[in-house]
Amino acid sequence: MMCNTRFQSYFCFSVLLLILPCCGVLSAQKVTVSNEINVRTNYAYDILPNIGENILFYHDRGSEHVFEIYDQNFRYKRTKELFFEKKNAIVLGVTAQEEYFSMVYSYKDEGISYIRINRYDAFAELIDSSTLISEKSKILKTKHRFIHSDDKSKILLFAPSDGGVNLLLIDNISLRLIFGFTLIHKDFNFKEDFKKILVNNNGEVFIAGKKDNYFNRKNKDAVMCLKITGPDGISTHVIHSDELMIHNLMLAYDPINDRIIFSGLVGKSDDASSSGYFMQSFSGSAIPVESKINPNFFSLDFLSEFYGKKPGKVKELTGFSCRDMVIRKDGGVILITELQKQFTRRAPMTTTGRFGEFISTRGFIDYYHEDIILLAMYPDGREHWKRILFKKQFSQDDDGIFSSYFLFKTPSRMRLVYNDEIKNNNTVSEYVIDPVGNYERNSVLSTEYQNLKLRFRDAIQIAPNSIIVPSEKSFKINMVRIDYN
């Protein structure tokens, strides 16, 4: 979803093919803008593209769930409100497929907890439904989070519980519950250690977490991974490091090569400093019980090139976070990291709250999203190439929602599309990167006099050459479609 209280919504696309050379960059784009959509009363919103011939804009207004339906050129067709068994039903997640979309929701009625899944067509008309959970339990005490597999055939609901995590795996084709149980692990604290979770197309669930000093020996840092195929199919795997801290962990599944991939940064001190990076890839059916990472280190010459200082003056990167991991068809990856900084400026005057705490009457939070470093690795984790892409974005008191970039993937290249500056009249630029790290920087469009403020972090790729980007100003949304000709 695309606001502060939004759902997790994931849109998975084809992986980057790294065997083709970079072709000439297409410079012409077609831009289509919808009319304004008012979201002032929304808790959240989402955009569901390419359902049949329609684009659906979803308004979550708490007790109201409304879809506005548009054609591919953003011409309005109709509005449809959904109704559930109870007015206070909670929508847990929505996933879209080619001809329909599925909505999972929960409610309570006379002490019974229900979780149901409904299937709707391209005009938001109900075509099928199923009850997944119907029992007297505390299962709805905590709101479940929602993810799905790459092919959207599996939906996973998960929620922390006392000492464990509740898992509900749903077959999105047959609308049935595959399994549902609470997982408890003596060595895994699901509230403190939890970092990543995914479900693959086969319905296997992987949960990864950080376990500092897992082996109870000095200078050990480890990642614990749980593989879950059902209540009786749970295995534990540990990836550890000597001397270095593992941070910014990334977890992904490679459906082409049937492998589970761990990646991230490593450093000698804290999560803010990085001296290198790593990638570990294992067959999904043969993950070792224990393995040790073999990191690639940043050379002094590379650090000198980035910071513009003499070699040896700087020995670590500071402030970089992993943003994306692109899986190559050969099983290698490209790890995309971004320099992110946040500063709070306190006002000199404060006031006292109800319970004696001091509250600033004014205050500003500055958000910086700056340079990008691409780290390409072979399937065995060795360094292939790395590149520095320079950008500088600054914003204030907006949670950085207009900053960073959108990763636009095609079979032969990838594009990183972003706002040059965070302001009303702005130029949108892109870096186009080929399989061996060659890149070009291009201007895509200008928003001057168009009253647009584009949220590229929440863009959606709808075709190999098209994306939809929400533009948000004063609680009003425009859907902006960019087509590369």
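Reader: What is the protein chain made of, in helices and strands?

Author: The chain has one helix and 39 strands. It has 485 residues, and buried residues make up 55% of them. Contacts also reach along the chain. Among contacts with a separation of 6 or more, 49% are between residues 24 or more positions apart.

Reader: How should I read the confidence score?

Author: Where pLDDT is low, the predicted coordinates should not be read in detail. In this model the protein chain averages a pLDDT of 87. A score of at least 70 is reached by 88% of the residues.

Reader: Which elements have the lowest and the highest mean pLDDT?

Author: Strand β29, residues 358–360, has the lowest, at 46. Strand β5, residues 65–70, has the highest, at 98.

Reader: Over which residues does pLDDT stay under 50?

Author: Residues 1–26 are one such stretch. The model has 77 contacts for them beyond four places in sequence. Residues 351–361 are another, with 14 such contacts. Remember the caution: low pLDDT means the coordinates should not be read in detail.

Reader: Now a sheet. How do strands pair?

Author: Strands of a sheet pair through backbone hydrogen bonds, either parallel or antiparallel. Here is a case. Four strands form an open sheet in the order β3-β4-β5-β6, with antiparallel pairing.

Reader: Which strands stand at the edges, and why is one side of each left without a neighbour?

Author: The edge strands are β3, residues 44–51, and β6. Each has a single partner strand, so one side of each has no neighbour in the sheet. Neighbouring strands of this sheet are turned by 20° against each other on average, direction ignored.

Reader: How many bridges join β3 to β4?

Author: Six bridges join β3 to β4, residues 54–60. The two strands run antiparallel. Find L48 and look across: L56 in β4 stands opposite.

Reader: Where do side chains point in a strand?

Author: In a regular strand the side chains alternate between the two faces of the sheet. Take L156, in strand β12, residues 154–161.

Reader: Is L156 buried or exposed?

Author: L156 is buried, because its relative accessible area is 0%. Not counting residues up to four places away in sequence, L156 touches R145, F146, I147, L167, L168, L169, I197, V199 and V205. Sequence distance is another matter. L156 and L198 are 42 residues apart in sequence, yet 8.3 Å apart in space, C-alpha to C-alpha.

Reader: Which class does K292 fall into, by relative accessibility?

Author: K292 has 47% relative accessibility, so K292 counts as partly exposed. The residue lies in strand β23, residues 290–292. Beyond four places in sequence, K292 touches H240, D242 and Q280. With D242 there is a polar contact of 2.9 Å between the side chains.

Reader: Where does T410 lie?

Author: T410 lies in the loop between β33 (406–409) and β34 (414–419). T410 counts as buried because its relative accessibility is 9%. A polar atom of the T410 side chain lies 2.8 Å from the backbone oxygen of R413.

Reader: Which residues of helix α1 are buried?

Author: In α1, residues 300–307, they are F302, L303, S304 and F306. After the helix comes G308, with a positive phi near 65°.

Reader: How many disulfides does a search find?

Author: First, the idea. A disulfide is a covalent bond between the sulfur atoms of two cysteines. A search of the whole structure finds zero. C225 counts as buried because its relative accessibility is 2%. C322, at 12%, counts as buried too.

How values were computed: Residues numbered from 1 in each chain as written. Predicted model: local features only at pLDDT ≥ 70, side-chain atom pairs only at ≥ 80, totals over all residues. Heavy atoms only, no water. pLDDT = per-residue confidence, 0-100. Contact = heavy atoms within 4.5 Å. Buried < 20%, exposed > 50% of the residue type's maximum accessible area, 1.4 Å probe, protein only. Polar contact = N/O pair within 3.5 Å; in protein donor to acceptor, adjacent residues only side chain to side chain. Disulfide = S-S within 2.5 Å. Pairing = 2+ DSSP bridges. Axes fitted to C-alpha atoms, helices over the stretch in contact; angles between N-to-C directions.
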